[in-house]
Amino acid sequence: MGTIPAGAGVHRQSQFETDADEDRGPGAQDPWAEGLADDAPTRVLRQTCIDVLCAYLRLPCTAEADLPAGGTEARHAYLALREVRHTVVRLIRDHLRLPSEHPHSWQGHDFYFTGATFDGGVFSGAVFSGGSVSFASARFSGRVPFNSARFSGSYVDFSSALIDGTVSFDHAEFSGSTVSFDRTKFSGDAVSFGGAEFGGGTVDLRRASGVAPSGLVPLSGPPLPTGLLLPPEWHPTAS
């Protein structure tokens with residue numbers, strides 16, 4: 001398994017705990033669909049409840065920059081709805097951290113975040129194992145870490161996504177999955193793959209555009225880790 005060093009002093013557990021601490025909002029309540037999904041007697045019904053949560057995240061939301069100047073009521077409404085969105089992400093993440101044999105684990109289910117806007121939320125430590133996960137055409141405009149996440153035996157689609165926030169895949173493990181960044185646009189320089197491990201499966205960025213994420217290209221040059229496919233202009237030997 002190929003490993004891209006993240007730099008000295010970076011540890012998986014400390015990063016995991018930092019993300020978890022930052023993710024806890026004051027007084028956040030878990031949406032009702034979580035309880036229904038946990039109590040669902042069949043896998044199909046559980047998937048239906050998960051679909052409801054994903055549909056909520058796909059609802060259009062006003063960007064903070066578009067709030068009216070001096071609109072106190074509008075800002076309070078924005079903050080409340082943002083807290084709910086981040087809570088939905090948190091409970092999905094927490095269920096994807098549970099071992100697959102746990103009765104409340106959501107590993108192996110499908111998650112459709114197509115076109116959603118992520119202005120925050122933490123996926124660190126989530127295990128995407130089995131099933132399909134779509135972030136296609138999503139926009140990542142806030143801090144959204146996938147640190148120490150595991151992509152194993154699943155199909156994860158970031159195609160046509162716009163990443164102009166701070167998104168990190170530090171110490172993530174890519175093994176046996178197909179992760180597509182087809183036509184994904186990386187805007188800015190706040191995306192990182194420091195310490196990510198690639199072994200089996202495919203992480204395809206050949207048609208991605210924008211600034212190459214930090215920590216993705218080995219400083220030593222080729223060969224690249226197995227299964228990591230980059231656009232020619234990101235390759236250290238490109239002219």
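A salt bridge is taken here as a side-chain nitrogen of Lys or Arg within 4 Å of a carboxyl oxygen of Asp or Glu. The structure is a predicted model, in which local features need pLDDT of at least 70 and side-chain atom pairs count only at pLDDT 80 or more, whereas totals for chains, interfaces and linings use all residues. Residues are numbered from 1 along each chain as its sequence is written, and side-chain values use heavy atoms, with hydrogens and water left out.

Side chains of opposite charge can pair when their charged atoms come close. A search of the whole structure finds six salt bridges. In one of them, arginine 93 is joined to aspartate 94, with 2.7 Å between the closest N and O atoms. Residues are called buried when their relative accessible area is under 20%, exposed when it is over 50%, and partly exposed in between, as computed with a 1.4 Å probe on protein chains only. Arginine 93 has a relative accessible area of 3% and is therefore buried, while aspartate 94, at 33%, counts as partly exposed.

Another salt bridge connects arginine 85 with aspartate 119, and here the closest N and O atoms are 2.6 Å apart. Because arginine 85 lies in helix 4 (residues 72–97) and aspartate 119 in the loop between strand 3 (117–118) and strand 4 (127–129), this pair ties together parts that are 34 residues apart in sequence. Both arginine 85 and aspartate 119 are buried. Helices (H or I, at least four residues) and strands (E, at least two) are DSSP runs, numbered from the N terminus.

A further salt bridge is formed by aspartate 164 and arginine 139, whose closest N and O atoms are 2.6 Å apart. This pair links distant parts of the chain, since aspartate 164 is placed in the loop between strand 10 (162–163) and strand 11, and arginine 139 in strand 6 (residues 139–140), 25 residues apart. Aspartate 164, with a relative accessibility of 27%, is partly exposed, and arginine 139, with 37%, is partly exposed as well.

Salt bridges also link Asp182, Arg183 and Arg207 in a network. Aspartate 182 is located in the loop between strand 13 and strand 14 (185–186), and its relative accessibility of 19% places it among the buried residues. When neighbours within four places in sequence are left aside, aspartate 182 is in contact (heavy atoms within 4.5 Å) with Ser159, Ser160, Asp204 and Arg207.

Strand 11 (residues 166–168) pairs with strand 15 in the parallel sense over two bridges, and valine 167 has valine 191 as its bridge partner in strand 15.

In soluble globular proteins, nonpolar side chains tend to be buried together. A nonpolar core is defined as a set of buried Ala, Val, Leu, Ile, Met, Phe, Trp, Tyr and Cys residues joined through side-chain atoms within 4.5 Å. The largest such core in the model has 48 residues, and those with the most contacts inside it are Phe113, Phe118, Phe135, Phe140 and Phe146. Helix 3 and helix 4 each supply at least two residues of this core, and helix 4 gives the most, with five residues. Phenylalanine 135, not counting residues up to four places away in sequence, touches Phe113, Phe118, Phe123, Phe140, Phe146, Val156, Asp157, Phe158 and Ala161.

Valine 44, which is situated in helix 3 (residues 43–58), is exposed, with a relative accessible area of 62%. Although valine 44 and histidine 109 are 65 residues apart in sequence, their C-alpha atoms are 9.5 Å apart in space.

Finally, a search of the whole structure finds zero disulfides, a disulfide being a pair of cysteine sulfur atoms within 2.5 Å. Cysteine 54 is buried, at 0% relative accessibility, whereas cysteine 61 is partly exposed, with a relative accessible area of 30%.

Definitions and conventions: Two strands pair if DSSP finds at least two bridges between them.
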